[in-house]
Amino acid sequence: MITQLDPNSTDSEGYQIRIYNHSDDVIKLERKSKYDGYICKEAASLNRAEYESIMAGETDFLLARKESLLHDFYLDSKNHLFQPRVVTDYIREAYLMEIGNVRVTFDKQLMTNVNTLDIFDPNMKTVNVIHEPKMIMEVKFDNFLPTNIRSLLRYFSSQRSAISKYLICREESKAYYKL
C-alpha cells in the first residue's frame with residue numbers, strides 16, 4: 001500500500017510512503033525520478049512514529065537522519081508544501097531473474113482510497129480502479145534485457161503502454177469525491 005506525497009502529478013519526481021501487507025514492520029519513504037524514459041527509485045526506512053510525524057506535516061526530525069534522501073524530502077516538503085494525495089493498493093506477483101537483474105511483476109486488483117489518506121487506518125474504504133479483469137505487467141532491469149525475455153515481450157508489444165498507478169488512482173478518487 002502506498003501513500004503518494006507530491007505537490008502535483010506532472011513532476012518528473014515524486015515521493016511515496018510504502019508498506020507491505022498493512023503492517024508497520026517495513027515502512028519506506030521512496031523517491032521515484034524519471035530520466036529519458038528510465039525510472040530511478042531511492043528508498044529510506046522509517047518507523048511508525050516518523051511516518052505519523054510526516055503525515056502530520058512535522059518533518060524537522062528528518063534533518064537528524066543521515067540519509068540524503070530524507071534531507072531532500074525535508075527541503076522539498078518545505079518548499080513545495082507536500083500533502084498526501086492518494087493511496088494506491090494492489091496485489092503484486094513478482095518474478096526475478098539474476099541475469100540482467102530482471103524483475104517482472106504483475107500488479108492485480110488495483111484499488112484507491114475514498115475516505116482517508118492514512119495507510120494504517122483500519123476503517124479505510126477502497127474502490128477498484130481497473131474495472132475489467134486486467135493486470136499491469138512491469139519489466140524492470142538494470143543494464144540489459146536478456147534475449148529470451150526480450151523475445152517473450154515482443155508478443156505483448158501491441159499492448160505496450162506507460163501506466164501510472166498513481167495517476168489512475170488519483171483520477172478515480174477524484175471522480176469518487178465528485179459523486
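Which side chains does a polar contact of 3.5 Å join? In this predicted model, they are the side chains of Thr116 and Asp121.

Let me stay with Thr116 for a moment. Thr116 sits in the loop that runs between β6 (102-113) and β7 (126-128). Its relative accessible area is 15%, and the cut-off for buried is under 20%, so Thr116 counts as buried. The side chain of Thr116 also has a polar atom 3.1 Å from the backbone nitrogen of Asp118. To put the two together: the Thr116 side chain has a polar atom 3.1 Å from the Asp118 backbone nitrogen, and a polar contact with the side chain of Asp121.

Next, helix α2, residues 68-80. The buried residues in α2 include Leu69, Leu70, Phe73 and Tyr74. Asp76 and Ser77 of α2 are buried as well. Just after the helix comes Leu81, with a positive phi of about 50 degrees.

His22 is not a glycine, yet has a positive phi of about 60 degrees. His22 is in the loop between β2 (13-20) and β3 (23-35). Is His22 buried or exposed? His22 is exposed, because its relative accessible area is 54% and the cut-off for exposed is over 50%.

Gln109, also not a glycine, has a positive phi of about 55 degrees. Gln109 is placed in strand β6.

That is what I have; the structure is on the screen.

Conventions
Residues are numbered from 1 along each chain as its sequence is written. This is a predicted model: local features need pLDDT of at least 70, side-chain atom pairs count only at pLDDT 80 or more; totals for chains, interfaces and linings use all residues. Side-chain values use heavy atoms; hydrogens and water are left out. Buried means under 20% relative accessible area, exposed over 50%, partly exposed in between (1.4 Å probe, protein chains only). Helices (H or I, at least four residues) and strands (E, at least two) are DSSP runs, numbered from the N terminus. A polar contact is a pair of N or O atoms within 3.5 Å; within protein, one must be able to donate a hydrogen and the other to accept it, and residues adjacent in sequence count only if both atoms are side-chain atoms.
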